[in-house]
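Try each task before reading its solution.

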Amino acid sequence: MTTRTADEIRAERLAKLGHALTALLAVTAYALAWLVKRSWRRLLPAYWVAAELIVAWVAGPLGVSWQTVAILALAIAATAVGWRARSRTVRAWRAAIAVVLGVCAVATVAAGGPAAMAAHPTLTMFVPTLAGAVLGWPWWYHLRQRPPQPEPTPAPAVADVPAEVDPLTAHWQHRWEHEVLPAKVCEGTTLVQAVAPRPGVVEALVRLAPGTKPGPLVKTGPDVEVALDLDEGAVGWRNTGKRAWLRVIFVERSYIAGGVPWTGPTYANGRFEIARFSDGSPGHWVLTRPRFGVLGGLIVGSMGTGKSRALGALIANLLAAGVQVAVGDPQNGQSLPAWKDTVEYHPGVEATALLARRFHAEVMRRSELLAAAGVEAFDEDDPRVKALGLRMFVVVIDECQLVLIPNTPIVGVVEQAAETMRKTGCGLVLATQLPQMKSLGGSVRLRDAVVAGNAFVLRISNRGSGSTILPDDFVGDPFALPAEIDGQTTAGMGYLRNSNRVGMICRVPNLDEAAVAATSPRVPVQWQVPAVDPASPIVLAGHRAPATTAKTTTGGGSAVDRLRAAFGGGGRKSTTAVVEQVTPPTPAEWVLACLRRGPASAQALLDRPDCPVEQSQLYALLGRLKDTGRITPPAQRGGPFTISA
């Protein structure tokens, strides 16, 4: 049984009162809107009279002069004259109403406003009402009646010429209505057109009914495949630029079942092909956009799913485009061995961590240089960027889960670099085989920063525990891909997020990494910052370096030796370095560290994969921190906790 304080009960009651007032306000606004919508045609003159009386009444308390009201009346009259109408008579009639009621409002305000209305109600209230009724007579009885329209002459029917019907559209309309919709899939849609751009591929245009949202529809690709019994095919969706229209692609014969051959780099206009969709169309990895900067990405795939091939296609295209590439391999050269002599290679966990720290310093240094030159976003064609000698730079870190350990400073460094790298011409590509947030150090901000550019998710065998690494709006189900389809491996199959075509299976080209690496051009990396000293502390931008004191002891430890050491005297000295032991944070320190990053509820803390305690222990810990005044409890139950000021 839980007890609540008086402040918590009062906060809960205030929250309920706020919800009730909000609901009442929404209902009142909806009722007024409905009333106006249903009655404006009959009561429009009455609305004009009411508006005139309200203006005359509030002008006095608000201190509005009659000159201001006159200018407002002239503007309304000019709008009534210039607004499009059926005839000049209608325009003259609207202008007459605006002028008459405007003169009444100006006269009332000039005479004293509310005081004049109270002293002379006949002149200030009855006369405008009578004028509105008289001027509303044409509206009620004449202007609303449209002149009789001549009936259209029916075109002569030709019995010998049958109506033209597209057989492909009719076929897929029949299948959509009798196979997809009865299966409770894509409800509220209508298939209106179908074309066949290639043999075995059909692109259909789908119209959405009012109130149907396109977001949930693009995630129904597997359900449509089951409804249409497409065993070896796939279904994908593509946006048309209009909210009420979507394009759906039916693939009856996949173009990637037997693999996709490597035909060489395809970089052009800031993008290149990293995969091929099942309908034969290319799947692009977007590296840069005009005056937007450089984008990073995330590649996820279980062991043996083609993740190294995807990274090989990525690196080969980057080098062909003249992009500087640095690779971090925490597995000591086992992840991408073919590229050791082609790109700047950093094997080992320590070397990869130093690469991440140097990349962070490079991003910050480039930000200073570009800001001083007046460059808002990196563009290699900009003369100011050319004068600085800066080129696009991409860092690829494979098996990033070995470096991004939760609750370590390196996570903050990589997170800050990924959030600020776009405008500096730098990009970060992370690759991992574990689909959990723990692979990115438990940082949701880091995940959002990298997947905002590109997200390529290959086959994943195990969902794992905790929160998933996939973005919330990811389309496709890489967990449902089997290891083989009809005896053919699905290695290299996955879903590419950064494309106008989403929700369709694609496959990485089957390239020989060693041969491609041998023929790729060498692009040396030009750093703007020196190499990072492994002994230096990790300092984030905007933070102070931690104060470190070197503790030295001399041999013997006598007073003479200490004086000799203080004044630089000679003699034999032996120094002992003090190594700081990094202990894991306590549960209380972990909670405080999470809340320093931002407010979080108890459930959000419990859902983090690195949560060190169970539910009951977490609630008890939050209670102790609240009682000691270190954190501030939420205003209502289930709300976020914050650090006390």
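**Exercise 1.** Find how many cavities of 30 Å³ or more the whole structure holds, and say what lines the largest cavity.

*Solution.* Step one: the search finds 1 cavity of 30 Å³ or more. On a 1 Å grid over the protein atoms alone, a cavity is a set of points where a 1.4 Å probe fits but cannot get out, and lining residues have an atom within 4 Å of a point. The model is predicted: local features need pLDDT of at least 70 and side-chain atom pairs 80 or more, while totals for chains, interfaces and linings use all residues. Residues are numbered from 1 along each chain as its sequence is written, and side-chain values use heavy atoms, without hydrogens or water.

Step two: the largest cavity has a volume of about 30 Å³, taken as the space filled by probe spheres set on the points, which are joined across faces, edges and corners.

Step three: its lining consists of Ala-356, Phe-359, Val-395, Ile-397, Val-414, Ala-417 and Leu-428. These divide into 7 nonpolar, no polar and no charged (Ala, Val, Leu, Ile, Met, Phe, Trp, Tyr, Cys and Pro count as nonpolar, Asp, Glu, Lys and Arg as charged, the others, Gly among them, as polar).

**Exercise 2.** Check the span of H10 against its 24 residues.

*Solution.* H10 covers 349–372. The expected span is 1.5 Å times one less than the number of residues, so H10 should span 34 Å; its end C-alpha atoms are 35 Å apart, which agrees. Just after H10, Gly-374 takes a positive phi of about 80°.

Technical notes. 1 Å grid on protein atoms, 1.4 Å probe; cavity = no way out; pocket = protein on both sides within 12 Å on 5 of 7 lines; lining within 4 Å. Helix = DSSP H or I, 4+ residues; strand = E, 2+ residues; numbered from the N terminus.
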